[in-house]
Amino acid sequence: MRLLIVGTLKGQLTTATKIAMDNGATVTHAEDHEQAMRVLRGGKGADLLLVDVALDIRELVMRLEAEHIHAPIVACGITNDARAAVAAIHAGAKEYIPLPPDPDLIAAVLAAVANDSRELVYRDEAMAKVIKLAQQIAGSDASVMITGESGTGKEVLARYVHTRSARAKRPFISINCAAIPEHLLESELFGHEKGAFTGAVARRIGKFEEATGGTLLLDEISEMDVRLQSKLLRAIQERVIDRVGGTKPVAVDIRIIATSNRNLAEAVREGRFREDLLFRLNVVNLKIPPLRERSADILELAQHFVKKYAEANGVPLRPISAEARRVLSANRWQGNVRELENTMHRAVLMAQGDEIGPDAIITPDGDRLDLAKTPPAVAHATMAAEQVTRALVGRTVADVERDLILETLKHCLGNRTHAANILGISIRTLRNKLNEYSDGGIPIPPAGTPGEYPRMPMMGA
């Protein structure tokens, strides 16, 4: 956790600094906006800015936005004036803290920003295997690819690997490749020199340099434009980067962890991802199974989230009833751990009585989770797809192809021309296939009239 304190309230901010450092934060000071911007551009970075409310917070917010620097601001002041707090929040601050600072309040703000409460909670054997592999490779400098569906906890696992590595006391820098526009991502990663492009008012250190000595997480790397992938590949291979507009390479010392919720091998085949980059990143693959495939984790995580959100909202800690546990275990959790977390947050707020019952386990729309209706068309399509999939399992491609051709021919009442058009093959190919089947003793539908189409039933007949 990196904290930048901006302002000149020496005595009060010194107390805040001590509290922050006691809670594991690395603290940097700046007296005004200009010095703060120099710190942020210079590669030290910050996860949170604690800013004296006497400074122009709106101007600071605008300067951060203009240079695409993303860091939340918490205002602080020696008065407990509600108007000052409201003005600061309207200007862009996330929170207002009166000074002198309360130690518990500072600690809570730091924890909320750093999200340190994201513990790695698991019980299922499938997840235990992933964690064991993560522990084995954490101490190395090998690049790691973490894959899994959205919401499974890929970034949490990345932080877990970092905290158990030799780089644990150095920065952990994360960048979401899907959240930053393509034309800005190169500058975010590699930095830029003053005047490199419109809006580049000063030199800016990128994430690679900011993470030097530590770990760089490239979140959702599958969304990175293929043209930028070549520059990333060079940075990983040679451990040097080129700032946008720069004239000389800059050495970096980082470990790369990347995540993706897509099939990168398929992206390689489609030309959307470089194969050589995949090989560089995928030295070790940690594949997180979806929550529906680690059923023992569901209730373990549910209990964890109940405790977390009961404390956060100041409500009684209620046990989960047996019926509610059944509802949780039976759900498929398409949104994985993220969906379960949101569900349990709602349950903590909605529960009444001594337990969290099934009536508190609800969807965002307010329906009970076990009574929420799937749209008929969706349910029918899902059932049909599952039936088709089950019918294909264990069969050869040749068998499936044969049945598809013969069924299509029956549908067309034996008309070879129409069947070939539907199948997307030539009439010659179709005839060769039919001759092959006939020689094998398989009955073939007789030929129909070339201009004849299957008769469709009349509505209401």
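**Note on the predicted model**

1. Ile57, Leu60, Val61 and Leu64 are buried in helix H3 (residues 57-66). Seen down the axis of H3, these buried residues fall within an arc of 100°, so they line one face of the helix. The arc is taken from the directions that run from the helix axis to the C-beta atoms. Met62 and Ala66, on the other side of H3, are exposed. Buried means under 20% relative accessible area, exposed over 50%, and partly exposed in between (1.4 Å probe, protein chains only). Helices (H or I, at least four residues) and strands (E, at least two) are DSSP runs, numbered from the N terminus.

2. Basis of the values: this is a predicted model, where local features need pLDDT of at least 70 and side-chain atom pairs count only at pLDDT 80 or more, while totals for chains, interfaces and linings use all residues. Residues are numbered from 1 along each chain as its sequence is written, and side-chain values use heavy atoms, with hydrogens and water left out.

3. What covers the buried residues of H3? The cover includes helix H2 (33-41), E3, strand E4 (73-77) and helix H4 (82-91). Contact here means heavy atoms within 4.5 Å.

4. Now the ends of H3. At its start, a side-chain oxygen of Asp56 comes to within 3.2 Å of the backbone nitrogen of Arg58. Just after H3, His68 has a positive phi of about 55°.

5. Asp52 sits in strand E3 (residues 48-52). Its relative accessibility is 6%, so Asp52 counts as buried. An unreviewed UniProt entry places the feature "modified residue: 4-aspartylphosphate" at Asp52. UniProt positions follow the numbering used here, feature names are shortened, and annotations may be inferred rather than shown by experiment.

6. Five strands form an open sheet in the order E7-E8-E11-E6-E12, with parallel pairing. Strand E7 (172-176) and strand E12 (284-287) stand at the edges with a single partner strand each, so one side of each has no neighbour in the sheet. The twist averages 20° from one strand to the next. Two strands pair if DSSP finds at least two bridges between them.

7. Strand E8 (residues 215-219) and strand E11 (residues 255-260) run parallel and are joined by four bridges. Leu216 has Ile256 as its bridge partner in E11.

8. Glu341 is in helix H15 (residues 336-350). At 18% relative accessibility, Glu341 counts as buried. Neighbours within four places in sequence aside, Glu341 contacts Phe305, Lys308 and Tyr309.

How values were computed: Polar contact = N/O pair within 3.5 Å; in protein donor to acceptor, adjacent residues only side chain to side chain. Axes fitted to C-alpha atoms, helices over the stretch in contact; angles between N-to-C directions.
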